[in-house]
Amino acid sequence: TTVCPPSVGIRCTSWILQGGVLRSGLYFSEISLTKTFASSGSIEIIFLVFPAEGSSFVFKIDSIERIRQKNSTNGFISAKFSLSAGTHIFNWIFDNLSGLRFSYAAISQIILRGTTYSDSSCYPCPPGSISSPNKDKCIQCNEDQYASEDSECLPCPANTYRLPGQLHCSPKPPCDDSDWFFYYSPSCVNNLTTRHYAKINDRTCIGSAPTSDSVPCPPCPPGNFRSDQVCISCPPGHYLDSSGICSVVHPGYFSASHYYFLWEDEVNWSSYGSLVSTSCVGECESPGWRLLGPKADSGLHYGYVDSVLNFHADILDSKLDPPYVQFSYHVKPFPQKYEESQSKRQNIENSETSFMFLINGIVQNMEVKYNTNTTVKFPLNSESQTLTWHYHQHNSSKYIVSISHVDVFGYAAGVLETAKPCPPGTSSLSSGLSTCEPCPKGYHQKLSGRPKCDPCPPGEVSSKTGAVDCFHCLYGTKNNLDQTDCVSTCYFRSSHVAGLDYNILPLASTTVLNEDGYKYVINLCNKHVLCEGCPSSHITQITPNQQYRSIGTFMKFVEPKFANESSNWSIEFVGLDLPDRCAKQPKTIISMECNLESGTGDLVSLQSVDPCTRSFRWRSMYACKLCTDNDYVGIPSECIDGLKTYVFTKKNICLGYKPQLTVKCTGIRVRYTLLVVVLGCGLLLLLLLVTGTIYFWRKKRTLEIKYQSLEKQLDTCLLYTSPSPRDRQKS
């Protein structure tokens, strides 16, 4: 009986019989079976689950869940459960939240032992099958057989065939190029090798494959070169350069690893070992994907089919270079000569048939192109990966999908094709390395392709390996000797408010119990908050002695926005790692409140906001900002003995530092200056008077000497030129 719970609504779909298996519907499918057991017995189910994100298969017995399976693409799984006598109810549930067609559960057999019942009616066997001798089940006829009207499996007539899913035997058409593939001999002599041909399916056409011929040797897969007539790869620490020579990897570089799948000529899946697995569910012509030399295809199928090819790969650490997978695919129509009816063809994107690529069961976003060679590329993670190619065929639209040239970059055991520079945050000191080492703590490397890492500059640290950049220590912290961490100075300075400094050295360490009874040891100077007996959701780091557990190691000074908010600041301790059950990193907040009368004060635990945040309040005099000159007003005293002293009073709340100032009186200083000026002027006048007196005395003396000289000259002239009496009379 199909079950549709009311909560499912229109998402409810029925289980259906397709390709000889019971398949779940597109969305939610539940089927219930009630049986009475006359004695103790058992139930055995053989099932398979094709996964998609959010889908799961559940099997219940009497409402008790016995199976929950998300993935079984490697083949059918058998499960058997013992039952007691009485009536039991069985439920098979598949919920496909993705709505993707390829995601479903398939049940091939349900075997009940210990029941006594009979069906009320018979139902016809599907085409190509007959009823068993006991009439209790249907049996599929083998290939190249058909079901007669007498419920017998009879051989197909000569030159005809029948594959699973075909209703009747079909005539064999003549073979052509689409019915065989070729592959090469592994050896190459004088640049020649043998090309062999093989039929893909011996039963579907009439004719022989072409004979082998001698042809030039095909190129080796990437990363390989010919040596002694065979293709080999370079040894570890080397790569194949552009000239085809294995070259050593230089310091600062590493050899990138590739695995090339479906490049060489293989004709048997066993040559790949455990790397490859394939399976097919439904009316399958082949047990899985067919290996055809350097490619693989989904097979020639007539009915409902799910054909899966898995490749299992271990990927190296992605810090060096992001790993990826790249491959080519081709979707071609079902060969016209093998069609049973001339039905109208549909493109694969418009049909119920689909081709998907999955990584670890997650469908990748891939637009499937029809009848053309297409190459696609997808990123991988550095872990074990399962790459899946899934072909889902509806009997109304049939195709053949082939894939080739699969390149898995970052594969742990691949060939070394290229040398790539070490990415930032890593280095390689020596030649021939196949990997790069992350920079140790206290070092960093911003550039790629460097042989060594650089130490962090003074004042900067790197607390994790593989650092690209070092970060500056915040206010109130400085780098340690190894430059692996910032240590507190217990002195904090505002970055945008001048004169806003705090010194909490007296509050370096204290112990407090919170409302839950957890013991915290808080040390504001080594920036650690340790919690004894805290739940695991708080834990980010365990101390060496295992006694305390840290709930935050990275310190941040949350400063006030304005200078007058001396009580509004805090210190935050944030954990670098994200523990379980925490949506964000754990944090401890210590709100500092300024109170000059509280002395050292007490640390009080506050009610927790969430399980990953712890809050405390510390009211203390040391939470007040340090005083500066701007926090005081000075009043001068009277001038005593030529000195004047200022008395300062606080205008803002602050801690410590009281300024002192004594100066000489201003009046004495003025009279002294005036006296100096007057004395200077007097000396200048005296100097001018003396200089003038000397000058005029010397001038007078010079004139006197000249006058005396003239008098003497005049007396001499009168003596030698005295007149006669007669002349005197005349005169």
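Rings of Phe, Tyr and Trp (its six-membered ring) are taken to pair if their centres lie within 6.5 Å, with planes under 30 degrees apart counted as stacked, over 60 as edge-to-face and the rest as tilted. By this criterion, the structure holds 33 aromatic pairs. The model is a predicted one, in which local features need pLDDT of at least 70 and side-chain atom pairs count only at pLDDT 80 or more, while totals for chains, interfaces and linings use all residues. Residues are numbered from 1 along each chain as its sequence is written, and side-chain values use heavy atoms, with hydrogens and water left out.

One of the aromatic pairs is formed by Tyr324 and Phe409, which are stacked at 5.1 Å centre to centre with 25° between the planes. Helices (H or I, at least four residues) and strands (E, at least two) are DSSP runs, numbered from the N terminus. In these terms, Tyr324 belongs to strand β27 (residues 324-333) and Phe409 to strand β32 (residues 399-409), so that the pair links distant parts of the chain, 85 residues apart. Burial is defined by relative accessible area: buried means under 20%, exposed over 50%, and partly exposed in between (1.4 Å probe, protein chains only). Tyr324 is buried, with a relative accessible area of 16%, and Phe409 likewise counts as buried, at 3%. Strand β27 also contributes Phe327 to a pair with Phe357 of strand β28 (residues 354-359), 30 residues apart.

A charge is said to sit over a ring if NZ of Lys or CZ of Arg is within 6 Å of the ring centre and within 35 degrees of the ring normal. Arg195 lies over the face of Phe182, at 5.6 Å from the ring centre, and the charged end of Lys398 sits over the ring of Phe334, 5.5 Å from its centre.

A salt bridge is defined as a side-chain nitrogen of Lys or Arg within 4 Å of a carboxyl oxygen of Asp or Glu, and a search of the whole structure finds 16 of them. In one of these, the closest N and O atoms of Arg203 and Asp144 are 3.5 Å apart. Arg203 lies in the loop between β16 (192-199) and β17 (213-216), and Asp144 in the loop between β10 (138-140) and β11 (145-147), so the pair ties together parts that are 59 residues apart in sequence. Arg203 is partly exposed at 26% relative accessibility, as is Asp144 at 22%. Together with Glu143, these residues are linked in a network of salt bridges. A further salt bridge joins Arg290 and Glu285 (3.6 Å, N to O), and both of these residues are buried. In helix α1 (residues 666-720), Arg701 and Glu704 are 3 residues apart and are separated by about one helical turn; their side chains meet in a salt bridge at 3.5 Å, N to O. Arg701 is partly exposed, with a relative accessible area of 41%, and Glu704 is partly exposed, with 33%.

Two strands pair if DSSP finds at least two bridges between them. An open sheet with antiparallel pairing is formed by 5 strands in the order β23-β26-β31-β28-β29. Strands β23 (276-282) and β29 (362-363) stand at the edges, each with a single partner strand, so one side of each is left without a neighbour in the sheet. Within the sheet, the antiparallel strands β26 (residues 305-314) and β31 (residues 384-393) are joined by 10 bridges. The bridge partner of Asp314 in β31 is Ser384.

With a disulfide defined as a pair of cysteine sulfur atoms within 2.5 Å, the whole structure contains 14 disulfides. Among them, Cys141 is joined to Cys153 (S to S 2.0 Å). The torsion about this S-S bond is about -85°, so the disulfide is left-handed. Cys141 is buried, with a relative accessible area of 7%, whereas Cys153 is partly exposed, with 24%. The sulfur atoms of Cys280 and Cys284 are likewise 2.0 Å apart in a disulfide, and a torsion of about -90° makes this link left-handed.
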